Amino acid sequence: MAAFAAGRDPADDDVLTVDELVAWLRLSESTVLRLLSEREIPARKVGHQWRIRRGRVRDWLDGRE
């Protein structure tokens, strides 16, 4: 609730998988994986899987990341 009160969207804390990010950005999986591996899209790798916070990607898209 505090994040929402500060003007942030609670969905910004959602953690996305690669498949979810592919669908949201409407990019191919290979493009998303390349951008992730090149650290263009802010994300963390957990084991062998990428996890991406929706808010960080939104900031990246807006040029704030």
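Predicted model: local features only at pLDDT ≥ 70, side-chain atom pairs only at ≥ 80, totals over all residues.
Residues are numbered from 1 along each chain as its sequence is written, and side-chain values use heavy atoms, with hydrogens and water left out. Local features need pLDDT of at least 70 and side-chain atom pairs count only at pLDDT 80 or more, while totals for chains, interfaces and linings use all residues.

**The core**

Start by selecting L21, L36, I41 and I52. In the largest nonpolar core, which has 13 residues, these four touch the most other members. Such a core is a set of buried Ala, Val, Leu, Ile, Met, Phe, Trp, Tyr and Cys residues joined through side-chain atoms within 4.5 Å; buried means under 20% relative accessible area, exposed over 50%, and partly exposed in between (1.4 Å probe, protein chains only).

Next, colour α2 (18-25), α3 (29-37) and β3 (49-53), the elements that give two or more residues to this core. Helices (H or I, at least four residues) and strands (E, at least two) are DSSP runs numbered from the N terminus. The largest share, four residues, comes from α2.

Now centre on L36. Apart from its neighbours within four places in sequence, L36 is in contact (heavy atoms within 4.5 Å) with V18, I41, A43, W50 and I52.

**A charge over a ring**

Select W24 and R54. The charged end of R54 sits over the ring of W24, 5.0 Å from the ring centre. The criterion is NZ of Lys or CZ of Arg within 6 Å of the ring centre and within 35 degrees of the ring normal.

**Salt bridges**

The whole structure holds six salt bridges, each a side-chain nitrogen of Lys or Arg within 4 Å of a carboxyl oxygen of Asp or Glu.

Select R34 and E38 to see one of them, with 3.4 Å from N to O. R34 is partly exposed at 42% relative accessibility, and E38 is partly exposed at 43%.

Move to R64. Its salt bridge with D59 has the closest N and O atoms 2.8 Å apart. R64 also meets D62 in a salt bridge, at 3.0 Å from N to O. Which residues do salt bridges that share partners join into one network? One such network consists of D9, D12 and R58.
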